[in-house]
2 protein chains.
Amino acid sequence: VINVTTESVLKSSTSTRKTDSKYLDIFRVQTEALLAIHDFLYREELVQLMPVLLSPVTDPLNHPVYDAAINYKDQELQLTKSMILHKQVAVAALDARGIYIVSPNIRLEKDLHSNRHLLEFSQLDIELKKTSANEFMSMMESLMACIFRRVKIVCSEELERLGSEIHLPKRPFKIYSSLSLLEEFGEGYESEISNLEKDLFWITDFNREFYDREDPDERGHYINYDLFYPEGYQEALSGGERDYEYEVLVRKIRERGQNPSDFDAYLDYAKKGLLCPSAGGGLGIERLVRFLTKRIHIGETTLFPRVPDTKILM
Amino acid sequence: VINVTTESVLKSSTSTRKTDSKYLDIFRVQTEALLAIHDFLYREELVQLMPVLLSPVTDPLNHPVYDAAINYKDQELQLTKSMILHKQVAVAALDARGIYIVSPNIRLEKDLHSNRHLLEFSQLDIELKKTSANEFMSMMESLMACIFRRVKIVCSEELERLGSEIHLPKRPFKIYSSLSLLEEFGEGYESEISNLEKDLFWITDFNREFYDREDPDERGHYINYDLFYPEGYQEALSGGERDYEYEVLVRKIRERGQNPSDFDAYLDYAKKGLLCPSAGGGLGIERLVRFLTKRIHIGETTLFPRVPDTKILM
């Protein structure tokens, strides 16, 4: 449904023109969406932490990216690909309902060239303490409804100029299992189902990174979820309940062909019993803004797009 | 007045203990401060942009740091030390009153080992279009008053437990010139005057990075400012009016012994007339939280401190 070359993104680069009212409309939508997020999570009594950019340990991700690390005084520090491991430590360390962080993530993509990937992007990362997947999913449905409602009301003029119509999501959202979708549509099921749906929906039970909780009663099934946009816009949020016990984490790291010693700093907390049950997820800000403003390419949601395989101008 | 070894920061690391209510109190203060900031800047009609982490060009800073860069597909990308250059481009590109960004900054300090330096920290970066230093300073005084008032009212219990008393700042804040302070106190004037003062104050007219505006009527004087905390807590915000004309920028880069070609991506905008007059500044979030919660070391404001010359645990 959606297809564009990176040239069209570059053509709209700021270096070739004076002010462009399209960007101001997009950023006003972004500003309202962010305010809706902060207001909502404040009312839910979450505390806001600041992001971590450099760390001896980070998310291994579920797809290949180039290494991004620097050295400082004999220590190799990786640029964080997500806040997941730090979120688990933080949510266990604090006697609060949960935490959230607006954090930039760096992912130097090797193979992913789509209309929804950037080399760096911002993610709203939320983690709730001792909370089930269902509770988290329910909170996210409320959050999305809040964001959509606020933007639809406050930014009606901006949306009209951008040619976007916001449809308030019906709750509860539909839930699909990844296994049944795979059976029905084959490997490209995420794109297929997103093209078909008219409203936000969930897909559950993905076999992916070690930290997402494996169903202890049904090995090979996972208590995790992705929130999807309809109309071909695909992933909005990715998350799950978390595994937190040392032996389980080590086993799952090994099963994925990864090396537990790469996660020493994090596993040290697990070994000492300093992790706890939690559920959470990460919502991509640029993808949210892209959906709200109905942009073809995610690079259009920023003045400084970092598109895979494309020269960065500024 | 304030002096501590990094050991005391590491002792409070999360890896050695279960939940610590001190951190929750600190993060509740941080959450209120951030909400006050977003609410205030929203009412001032600024639009919020997302941070940029990797760029061919970044702030040269006014003090030595180790290089922090990575490579992606034949392009060297630096970790941004501040958003200043991108802010200038963005504020010129948008027909808005101004912009703001909550952005992590990476500064691999070489020589700075103080109670107020971290290798990475978050900065509230604001830039107002076609605005004078006086107007920006006045807005910042209102912002600080808003933050202090909200935290004092909403977090009274947290502040009591932390042993912090917040004094609402009297406006207008006092203004000192760096030259008169240098004459009175010598090289260590920033620390001296911060120890003596009981309330927030400004210091103006610093000869520093090329982008701060040099007074066209009085060469060697600069239309810039730092906001300072009292009681020895020192810098809160650093900013200024900006130079934006190509010839002026190139001359000032050369005068500072820097190479204009290192700033090609940015200077390209100036050459095309795509920069404009503006004023702004960056407010360190961790320094703000440190002052509000009266912490000895800035590392105490985060669960994951990155203290210069100290091993990063997680």
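Predicted model: local features only at pLDDT ≥ 70, side-chain atom pairs only at ≥ 80, totals over all residues.
Residues are numbered from 1 along each chain as its sequence is written, and chains are lettered from A and ligands numbered from 1 in the order in which they are written.

Confidence is a friendly place to begin. The pLDDT, the predictor's confidence in each residue, runs from 0 to 100. For chain A its mean is 94, and 94% of the residues reach 70 or more. Residues 12-16 of chain A stand apart from that picture, as pLDDT stays under 50 there. For this stretch the model has 14 contacts (heavy atoms within 4.5 Å) beyond four places in sequence. For the complex, the predictor gives an ipTM of 0.95 and a pTM of 0.95.

Next come the helices. Helices (H or I, at least four residues) and strands (E, at least two) are DSSP runs, numbered from the N terminus. Two packed helices are described by the angle between their axes and the distance between the axes. Here axes are lines fitted to C-alpha atoms, for helices over the stretch in contact, and angles run from 0 to 180 degrees between N-to-C directions.

In chain A, the axes of helix 2 (residues 21-43) and helix 10 (residues 285-293) cross at roughly 120° and come within 10 Å. Helix 2 of chain A is therefore oblique to helix 10 of chain A, given that angles under 35 degrees count as roughly parallel, over 145 as roughly antiparallel, 65 to 115 as roughly perpendicular and the rest as oblique. Helix 2 contributes Ile26(A), Val29(A), Gln30(A), Ala33(A), Leu34(A) and Ile37(A), which meet Ile285(A), Leu288(A), Val289(A), Leu292(A) and Thr293(A) of helix 10. Nine of these contact residues are nonpolar, two are polar and none is charged (Ala, Val, Leu, Ile, Met, Phe, Trp, Tyr, Cys and Pro count as nonpolar, Asp, Glu, Lys and Arg as charged, and the others, Gly among them, as polar).

Among the buried residues are Glu286(A), Arg287(A) and Arg290(A). Just after this helix, Lys294(A) takes a positive phi of about 50°.

In chain B, the axes of helix 8 (residues 246-255) and helix 9 (residues 264-271) come within 8 Å and cross at roughly 150°. Tyr246(B), Leu249(B), Val250(B) and Ile253(B) of helix 8 meet Tyr266(B), Leu267(B), Ala270(B) and Lys271(B) of helix 9. This contact divides into seven nonpolar residues, no polar and one charged.

Most residues other than glycine have a negative phi, and most peptide bonds are trans. A cis peptide bond joins Arg171(A) and Pro172(A), with omega about -10°, and Pro172(A) lies in the loop between helix 5 (156-162) and strand 9 (174-177) of chain A. In chain B, the bond from Arg171(B) to Pro172(B) is cis, with omega near -5°. Asp205(A) has a positive phi near 65° and is buried at a relative accessible area of 12%. Leu61(B), with a positive phi near 60°, is buried at 7% relative accessibility.

Note on methods. Heavy atoms only, no water. Buried < 20%, exposed > 50% of the residue type's maximum accessible area, 1.4 Å probe, protein only.
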